[in-house]
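Hi,

Have a look at it first and then read on.

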Amino acid sequence: MSQVANTLSLYEKAGEAADSIRERISDLPDIAVVLGSGLGILVDQLTDRVIIPYSTIPHFPIPSVEGHAGRFVVGRIGQTGTSVIMLQGRFHHYEGLDLETVTFPIRVLRRLDLRSLILTAATGAIHPDLGPGSLICISDHLNLIGANPLRGRNDERFGPRFPDMSRVYSQRYRSIAAEVANELGIVLHNGVYACLPGPSYETPAEIRMLRTLGADVVGMSTVPEAIVARHCGIEVAAFALATNFAAGVTESTISHEEGVEEGRKAGPALGRIIKGIVDRLVDAEGAPHTKRPRST
């Protein structure tokens with residue numbers, strides 16, 4: 001990394017990344033979807049795709065985990081043919097990255113003036129009724145990483161020093177998701193997501209603790225992104241796919257490969273829900289919101 005890059009603020013770095021994307025895609029969407037492990041197949045449902053590798057975007061990190069391709073993809077989805085952004089690959093604290101780096105793509109989306117964000121994640125099921133393949137609309141979370149992505153100097157151009165987190169996951173989006181799932185005949189649960197640092201899976205004792213705290217699923221991502229998105233004023237919906245039972249819920253062992261495979265199996269159903277949400281967000285002019293002025 002150049003010495004000049006090291007002197008840039010986070011806001012400036014995100015702006016440079018956003019400008020690089022704008023040079024290749026002039027008419028950017030107002031909705032983005034971040035894809036978790038094994039859910040990259042949702043990109044295949046897009047038409048008129050434009051693909052930008054993360055490696056070509058200034059200051060973007062590169063994923064190192066199987067199931068995260070590392071591509072910024074823009075294409076059309078749903079009955080309305082609405083253009084959306086899909087981030088095919090995310091970053092994790094357990095990769096040795098600080099949370100500022102993990103959440104950098106969300107900052108870039110803010111500099112692209114994005115207003116709606118849909119997060120997806122592969123998770124372990126804590127609640128006994130959430131077997132592998134279950135889809136969960138996240139209603140709240142427990143941040144148990146041991147750090148917060150907003151720690152450090154605050155830049156008011158992104159958001160306030162002490163942002164409210166009482167409604168991280170939009171009630172409006174959750175209601176839309178429930179309506180869409182019901183119409184499609186897809187069972188969509190509600191649940192609380194516990195985020196731990198990883199990369200080791202949790203012990204049975206830790207899962208018992210999380211159940212006592214009120215968690216329904218557990219994972220190693222999503223929560224830092226949701227916190228930063230709300231800090232930036234982005235409205236958030238998040239969906240968890242239960243790829244396995246968490247440790248101690250059953251006698252089975254846990255593997256990442258199993259999670260990726262379950263993600264591939266459940267991807268089409270989640271894709272249909274996301275398509276339905278996008279369709280409902282689109283108004284008569286084909287945009288979910290009135291565009292705000294470009295960030296400066």
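Let me start with a question: which residue in β9 does Thr123 stand opposite? That would be Ala242. Keep in mind that this is a predicted model.

β9 covers residues 235-245, and eleven of its eleven residues are buried. It pairs with β5 (residues 116-125) in the parallel sense, over ten bridges. β9 also pairs with β6 (residues 135-143), but here the strands run antiparallel and three bridges join them. In that pairing, Ile136 stands opposite Ala240 of β9.

Now the cores. The largest nonpolar core has 52 residues, and those with the most contacts inside it are Phe72, Ile85, Val108, Leu109 and Leu117. Helix α2 (residues 10-24) gives this core its largest share, six residues. There is also a second, separate core of 31 residues, with Ile31, Ile118, Ile186 and Ile274 among them.

Leaving out residues up to four places away in sequence, Phe72 touches Ile21, Val50, Ile51, Ile52, Tyr54, Ile57, Ile85, Met86, Leu87, Leu109 and Leu112.

Leu213 belongs to helix α6 (residues 204-213). Why does Leu213 count as partly exposed? Because its relative accessibility is 46%, and partly exposed lies between the buried limit of under 20% and the exposed limit of over 50%.

Cheers

Conventions
Residues are numbered from 1 along each chain as its sequence is written. This is a predicted model: local features need pLDDT of at least 70, side-chain atom pairs count only at pLDDT 80 or more; totals for chains, interfaces and linings use all residues. Side-chain values use heavy atoms; hydrogens and water are left out. A nonpolar core is a set of buried Ala, Val, Leu, Ile, Met, Phe, Trp, Tyr and Cys residues joined through side-chain atoms within 4.5 Å. Buried means under 20% relative accessible area, exposed over 50%, partly exposed in between (1.4 Å probe, protein chains only). Helices (H or I, at least four residues) and strands (E, at least two) are DSSP runs, numbered from the N terminus. Contact means heavy atoms within 4.5 Å. Two strands pair if DSSP finds at least two bridges between them.
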